[in-house]
Amino acid sequence: MFMVRCLVDNNTLDAARFRTEHGVSFAIETPTGQLLFDTGQSGDVLVHNATQLGLDLCQMDALVLSHAHYDHTGGLEVFLQKSRLGLPLYAHPDLFRERYAIKDGQTRSIGLQMVQSDLTKHTTLNLSAEPAQVLPGVWITGEITSRTEFEGRSSHHYIQAGNGWQPDPYRDDVALVLETPSGLIVVCGCCHAGLLNTLMHVQHIFGKKIIAIVGGTHLANLDVNTWEHTITILRAISAWDMPYLFLNHCTGERALETLSQAFGKKVKPCPAGTVLRFD
Ligand SMILES: [Fe+2]
Ligand SMILES: [Fe+2]
């Protein structure tokens, strides 16, 4: 059995037990080991919610980072204080590029705060743009190379280019794939590479049925005219068997409503404290 536990999200299943923050982290348990996917923003919420779920972060066999943004990597230092020395860390090589948000005339650094040399003291870095196996049955997608669809971007995210700025191409944005006996589960951080692009990439690499999509899908900025296209492509990708959508973080309330109207009970929120089991 594969178990996916949501440790950090903007919302919670139970406000008396779990804390919230803008960010994401999932603990993935498999028949052969367990790993952490992203660390949330502060580290405090990660540790608190893990404790509430009876999860020992020291026991993680690997760490995967979906992309550099602070709300996915800000808890890294706190987590590494708990994890074992030399822990395998998987990410895209572009993780260390500086990232910025430029909004209302303000420029803010929003990328990874730890430098590579500090990370290599604590972890065994596995940086690759290619798909890689993290644990048996658990894969990092590698770079989402084909970006024909438009979802996932924010108009205020930039990287430095020469003396100026260019929109962040989010080359570092990757997802996780769990190979269960029933089919594939795709776990996303922010999905800046685009949900449809990510799903098409996964189908191209693995050639198997996707039974569930979990995590942040950054669909909040989609306008009414583009939703029809997104839903049509989602249906086409999924053929006759629509995957479950357990969505959270940057997906957006309006996106959840729109997807629920299209796919009914297949769409569910995934706040902190959620435990999903897949046979
Ligand atoms: Fe995010
Ligand atoms: Fe992000």
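**A guided tour of the predicted model**

Begin at G54, which lies just after helix α1 and takes a positive phi of about 70 degrees. The structure on display is a predicted model.

Next, select helix α1, residues 44-52, which lies across β1 (2-8) and β2 (25-30). The direction of α1 is at about 130 degrees to β1. Within α1, highlight V45, L46, V47, N49 and A50, which are the buried residues of this helix. Their cover includes β1, β2 and α3 (76-82).

The phi of D38 is near 70 degrees, a positive value in a residue other than glycine. Is D38 buried or exposed? D38 is buried, because 33 other C-beta atoms lie within 10 Å, and 20 or more are required for that class.

Now display the sheet. Seven strands form an open sheet with mixed pairing, in the order β8-β5-β4-β3-β2-β1-β18. The edges are held by β8 (123-127) and β18 (275-278); each has a single partner strand, so one side of each is left without a neighbour in the sheet. On average, neighbouring strands of this sheet are turned by 20 degrees against each other, direction ignored.

Strands β5 and β8 run parallel and are joined by 5 bridges. To view one pairing, select Y90, whose bridge partner in β8 is N126.

Continue to the loop between β12 (164-167) and β13 (176-180), and select Y170 there. Y170 is a residue other than glycine with a positive phi, near 50 degrees. Y170 counts as buried, because there are 27 C-beta neighbours inside 10 Å.

The last stop is a pair of helices, α5 (residues 195-206) and α6 (residues 224-238). Their axes come within 11 Å and cross at roughly 15 degrees. The two helices are therefore roughly parallel, since angles under 35 degrees fall in that class. The crossing of α5 past α6 is left-handed. Which residues of α5 and α6 make the contact? On α5, select L196, L199, M200 and Q203; on α6, select T230, I233, L234 and I237. By class, this contact of α5 with α6 has 6 nonpolar residues, 2 polar residues and no charged residues.

Definitions and conventions. Residues numbered from 1 in each chain as written. Chains lettered and ligands numbered in written order. Predicted model: local features only at pLDDT ≥ 70, side-chain atom pairs only at ≥ 80, totals over all residues. Pairing = 2+ DSSP bridges. Helix = DSSP H or I, 4+ residues; strand = E, 2+ residues; numbered from the N terminus. Axes fitted to C-alpha atoms, helices over the stretch in contact; angles between N-to-C directions. Contact = placed C-beta atoms within 7 Å. Parallel < 35°, antiparallel > 145°, perpendicular 65-115°, else oblique. Left-handed = near helix turned anticlockwise from the far one by under 90°. Nonpolar A, V, L, I, M, F, W, Y, C, P; charged D, E, K, R; others polar. Buried ≥ 20, exposed ≤ 12 C-beta atoms within 10 Å, placed from the backbone.
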